[in-house]
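I opened the notebook to record a few look-ups in one structure.

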Amino acid sequence: MKVLVTGGAGFIGSNFVRRTLETRPGAEVTVLDAMTYAGSAGSLDGVLDRVRLVEGDVADAAVVEPLVADADVVVHFAAESHNDNSLADPSPFVRTNLVGTFTLLEAARRHDVRYHHISTDEVYGDLELDDPKRFTEDTPYAPSSPYSASKAGSDHLVRAWVRSFGLRATLSNCSNNYGPRQHVEKFIPRQVTNVLVGERPKLYGDGLNVRDWIHVDDHNDAVWTVLDHGRIGETYLVGADGEMSNRDVIALVLELMGEDPDAYDHVTDRAGHDRRYAIEAGKLRQELGWCPRYETFREGLAATIDWYRTHEDWWRPAKEATEAKYALTQQVLA
Ligand code: NAD
Ligand code: DAU
């Protein structure tokens, strides 16, 4: 099977490529990645000789067309993915997440290629901390940030291409991923690498915001489950019952790294900061038989911390510039 993985040099995409090569020996993998600040060949270290890596933009039809024509399946991870960046400058989010998805959909339609769309729980907006409900496939769309609005728009494009043109597509909307090779701008890698360089972790606002954590390998196994068994036109929510407040995550990172669990700073909150995400993944579990392999967040987090400890060469080059960017908008609160 020829698999075209867009964004395959980023966090989730590179782990997807590795997992695919591990579990599907017959797969021929092509990665299409623009190599933005978030993508690097280093994320594919050790597997580059088994992958065709094409540097290019998903919004460039001339690049996309022949690659899609040659594929049996397209798995579309490529995106601008960070909420804070979308607040500073939304324009690349509109281009990559909307125009990029449109460009791939048109190519997949022309060549009748199976398409899977990687999306996020953020399209559903947020929940109150004490709301007994969680997101399901029937929750109405209500995105908050330019990032989540651009992802919501891309989901709608996919759904329209299924209904209007009969595109053979599925969608999955996943909660917060953690694991190796996640950029140091994101919450967990930022705190882990702060501790490693002797800085204090940084918590936005009161830190009571809740995210629903899932290990990246569990997410990627869910993607293959949907590719293998999902029904065309359907959306599947992916989550591993991993709700935890940001404050508790920081305390756990500090504890696992042998530090005082209170040794962090409160910093300026994110504008429009979503309060809580929570996924009810019953459809994926019951209809398709998926379940997560990582039994506890603590176990997965400890393994992730170890990865950052032993791969400083991977994260160090981005650390200083990332913190310099944060320093423009974030102050430590008294
Ligand atoms: P990431 O930022 O780590 O990686 C994105 C990759 O896309 C990078 O390699 C980047 O170079 C590439 N890219 C960006 N613009 C491109 C363009 N125009 N053309 C080609 N490649 C381009 O992101 P991630 O965290 O791995 O997220 C991957 C996907 O999963 C995204 O669609 C995101 O919305 C979705 N998602 C992420 C999470 C999460 O917790 N990280 C959760 C649910 C869904
Ligand atoms: O829910 C899925 C989404 O999860 C994905 O669609 C996004 O691509 C991914 O980036 C992630 O979005 P979040 O905004 O939830 O992730 P982030 O890592 O930026 O932040 C997680 C939480 O931690 C959030 O409540 C903000 C907070 N935070 C973040 C940073 C970077 C802090 O308290 N301190 C920080 O330094």
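My entries on this predicted model follow.

**Ligand 1**

I began with ligand 1 and listed its neighbours. I found 31 residues around ligand 1. Gly7, Gly10, Ala38, Gly39 and Ala79 are the closest. I then asked which elements supply the shell. Helix H1 (11-23), strand S2 (28-33), H4 and S5 each give at least two residues. H1 has the largest share, with three residues. I sorted the shell by class and got 14 nonpolar, 13 polar and four charged residues.

**Helix H4**

H4 supplies part of the shell around ligand 1, and I looked at this helix next. I checked its length against its residue count. H4 runs over residues 91-111, and at 1.5 Å a residue its 21 residues should span 30 Å. Its end C-alpha atoms lie 29 Å apart, so the two figures agree.

Which residues of H4 are buried? I listed Phe93, Thr96, Asn97, Gly100, Thr101, Thr103, Leu104, Leu105, Ala107 and Ala108. I then looked for what covers them. The cover includes strands S1 (2-6), S4 (73-76) and S5 (114-120). Helices H2 (61-69), H3 (83-88) and H5 (146-165) are also among the covering elements. S5, like H4, supplies at least two residues of the ligand 1 shell. Just after H4, I noted a positive phi of about 50 degrees at Asp112.

**Strand S11**

I turned to S11, residues 235-238. Are its faces covered or open? Both are covered. Thr235 and Leu237 are buried on one side, and Tyr236 and Val238 are buried on the other. In a regular strand the side chains alternate between the two faces of the sheet. S11 pairs with strand S6 (residues 169-174) in the parallel sense, over four bridges. Leu237 in S11 is the bridge partner of Asn173.

**Helix H11**

My last entry is H11, residues 312-329. I counted 18 residues. The helix reaches 26 Å from its first C-alpha to its last, close to the 26 Å expected at 1.5 Å a residue. Where is the kink in H11 centred? I found it at Lys319, with an angle of about 40 degrees.

Methods. Residues are numbered from 1 along each chain as its sequence is written. Chains are lettered from A and ligands numbered from 1 in the order in which they are written. This is a predicted model: local features need pLDDT of at least 70, side-chain atom pairs count only at pLDDT 80 or more; totals for chains, interfaces and linings use all residues. The expected span of a helix is 1.5 Å times one less than its number of residues. A residue is buried if 20 or more other C-beta atoms lie within 10 Å of its own, exposed if 12 or fewer, and partly exposed in between; C-beta atoms are placed from the backbone. Two residues are in contact if their C-beta atoms, placed from the backbone, lie within 7 Å. Two strands pair if DSSP finds at least two bridges between them. A residue is near a molecule or strand if its C-beta atom, placed from the backbone, lies within 6 Å of it. Ala, Val, Leu, Ile, Met, Phe, Trp, Tyr, Cys and Pro count as nonpolar, Asp, Glu, Lys and Arg as charged, and the others, Gly among them, as polar. The bend at a residue is the angle between axes fitted to the seven residues ending there and the seven starting there.
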